[in-house]
Amino acid sequence: MNDSVSAPHGGAIDDDAGLRDDVRLLGMLLGETLRKQHGERLFETVEEVRTQAKSARQGKLADPDALYTMLSGMDADEMLHLARAFSQFLNLANIAEQHHQIRVRRRRYAQGGDSRSGDFLDDELASLRDSGIGKAKLYKAIANLRIELVLTAHPTEVTRRTVAMKYQRIAALLDERDRPDLSRHDQQELKRALIRTITEIWETDEIRRTRPTPIDEARAGQVVIEQSLWDVVPTLLRNLDLACRRHTGKALPLDATPIRFGSWMGGDRDGNPNVTADVTEQVCRYSRWKALDLYAREIDELRRELSMRHCSDRLRAIGGTGHEPYREVLRGVLRGLRASQAHVEAAIDGAAPGPAPAHTSADTLLAPLMAIYDSLHECGDGVIADGRLTDIIRRLHGFGLNLMRLDIRQEASRHAEVLDAVTRYLDMGSYLDWDEERRIAFLVGELSRKRPLIPDDVPLKRNAREVLDTFHMLARQDPDALGAYVISMASTPSDVLAVELLQRECGIRRPLRVVPLFERLDALEGTAECMTRLFSIDWYFKHIAGRQEVMIGYSDSAKDAGQLAAAWGLYRAQEALVETSKRFGVELTLFHGRGGTVARGGAPAYSAIRSQPPGSVNGSLRVTEQGEVIQAKYGIGAMARETLETYVSAVLEATLLPPPVPRPAWRGHMDNLARLAMEEFRSFVRNETDFVEYFNHATPENELSRLKIGSRPARRRKGKGIEHLRAIPWIFAWTQTRMMLPAWLGVGKAIRLAVEQGELAALKEMHAEWPFFRTTIGSIEMVMAKVDLGVSALYDRRLVPPALRAMGEELRRRCRVTEEQLLKVSGHRVPLQNEPVVLKSVSLRNPYVDPLNVLQVELLSRLRNGEKGAIEDALLVAINGIAAGMRNTG
């Protein structure tokens, strides 16, 4: 059900008996746990509520408010237990569903089915060859793939890491349970292990009592690398190498890095005062320590394996002089890794550092490993070299000595504030008062001079001092530990040049590449003009050496203009950036700031990449992976492998078989739809005077701040308006009430007016032939399958003042219009008609999500009337449970 997880050839699940069996088993074991821990009464209450909810869904209840009447009469403790029971069932159902997805894929490749080779990547390369792609062209595309997945800690992951790791244990036990050779005793042992783990989960507090720090978030990201990606990446490269040999006749280069990982965890300071220079430096140290630890474990295992006596003269010259030369060399490598780890650990603890570390970069570790690799091949033991040793070498090229390169993100205005303080102090005037051309002239002039600009004694306010401290801290870091410097809310060339100047002033010896992030619609419309001006500056053009990265933001553009206008604005911005870069001979990498939900750019990865403008995915792609999406995609090894294979497949196809250029008539229709949808969206969100008040009453937005799910505040700045609210809580709040407003508002009216203008046939043609339009409509249609207007109406009846309820009724009317109009375009009878598995999954979850919504309404009512204590815990559990049931938050 997660909006963002889908493989290209997933297809329908023909036999879901295994899924039904798993869900039935986990539900039964949860029921046993409830009986054992709380007695028969709680179990019977849960069953009664579930039956009532199911009957309500089937229209069998005479009183539609019967479920609310039943639940609202409970005390706070009863509501808490009930919320926990339904929440945990939904989490267990998610695990079973994810496991079944892996099971079906494994079965498909094991039994042949639609696979020719039994391997996904081999089939993909075969398909490309069948499409007319020559061996040389295919090999070049594979060898030059550059996909970087950037893990971010936006507050969308509601599950505690402690509980998430227990969920992974359940997934592993379900996987073990699929073995055909299990004895009856084995089956009973697995069942006992499952009930033990479910009991552990039930007895664990699922509520975060303290908000995680940025360092906590960064270390959680490192756990994802350790628990799955560390092993999945070399396996993926091994399979890609075999497929490459078969279909191109050439091996994948040993240093090929088609997949890399970046991070914003501990580096994203945009609106987050908790991310300081000291915090970022500690995050870099923790990342280095974890990498050294993982490599040390691998080297220790390799040392046990390489017991051979014969080696090359070169290896003996670097220390392999004993009876077992490979082990002798590896002992030295291992000692160096442990010593380097101790050096980093001392820095983390604030102790005096010891001797200089032996391994300060990936190259120092790579050198002896390559000597061993060459020696093994030289001595006829290449088959041994191609095992664990090759995996370690590939990891070094992909993960380096830092696991993930850390991006730094800061808002453009922060840099301008620093420069304003400097120019005022030097009696040069106010930088903030200068127009854009004067700013550019000043910045380019300073960048062209060799003397420093910023005096050591310049007086700075706290925020400006922190910005400068960050740049000084970056100058102390290993350049290979750092990725990009992302400028949020960028719109002008001076935003980029300011960061280049600050890097130089603070002595960063290998400057981070500076990446403007264009977020709101007006900024997206000005991307080409901004980059044209930058590329026309001699200093800048020479500085970038023919390569430029640009980030485009999905969340804020959708919050600014609505989903349809934002999607079209992003598409056009990419087209303009591709054209501008080609004109100047610059190699462009687009960095997509996507979230898990449709309103934040989420869509199945394969279709999302394949629907990008032609030329925009030219062998390279950078994309954020956010919140609960990280755990869903990468928490389990088999899912991580499927996700990475999907990215490789989609980027290869988008590069070698780009989608068609949209026809001029299609552009005209999209211009019209986007304009109409934006007018409708803004007329409500911006211009309706009571909208903010309605939003605050009808959703749990204000209460979400109690949920300690991230280190960042919910708002960029103080203020009650939607414009100050981050996109994540904006979407999270509407998802909780099942209205899902950010993804569809404005779409229905836009299509209706276009149809009235005689454009239906054209829209159907666009849906059939244009991947971008089909993916956009399909994503919104998926949202409509999750919308429940009856639930939304309940929130209004119980929580919204009578004077504001008409607004909710009007929104629900527009939502119904949107579904009706979407189905006209797609030709479907119901939303997701072509995705029966997802549609069935949604319908099966509803009887378990509905009680949580009803509980949440009553809990919000009591909380707003001043009740405290267990009410607050019950509300937070309900929020968690609804997020689990909807399979996304923000």
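Tutor: Here's a walk through that pocket, then its strands, and then a few other spots. This is a predicted model, so to speak of local features we need pLDDT of at least 70, side-chain atom pairs count only at pLDDT 80 or more, and totals for chains, interfaces and linings use all residues. Residues are numbered from 1 along each chain as its sequence is written, and side-chain values use heavy atoms, with hydrogens and water left out.

Start with the space itself: the second largest pocket holds about 860 Å³. A pocket here is an open set of points on a 1 Å grid over the protein atoms alone, where a 1.4 Å probe fits, with protein on both sides within 12 Å along at least five of seven lines; lining residues have an atom within 4 Å of a point. The volume is the space filled by probe spheres set on the points, which are joined across faces, edges and corners.

Sorted by class, you get eleven nonpolar, six polar and eleven charged residues. Nonpolar covers Ala, Val, Leu, Ile, Met, Phe, Trp, Tyr, Cys and Pro, charged covers Asp, Glu, Lys and Arg, and the others, Gly among them, are polar. At least two lining residues come from each of β1 (146-152), β4 (482-488), β5 (513-518), α21 (538-544), β6 (547-553), β7 (587-593) and β8 (620-626). Those helices (H or I, at least four residues) and strands (E, at least two) are DSSP runs, numbered from the N terminus.

Now take β7. Six of its seven residues are buried, so β7 is largely enclosed by the rest of the structure. Buried means under 20% relative accessible area, exposed over 50%, and partly exposed in between, with a 1.4 Å probe and protein chains only. On one side of the pairing story, β6 and β7 run parallel and are joined by seven bridges, with V550 opposite L590 in β7. β7 also runs parallel to β8, through two bridges, and there F591 stands opposite R622 in β8. Strands pair if DSSP finds at least two bridges between them.

The loop between α21 and β6 holds A545. A545 has a phi near 50°, a positive value in a residue other than glycine. Most residues other than glycine have a negative phi. At 62% relative accessibility, A545 counts as exposed. M740 has a positive phi too, near 55°, but M740 is buried, with a relative accessible area of 7%.
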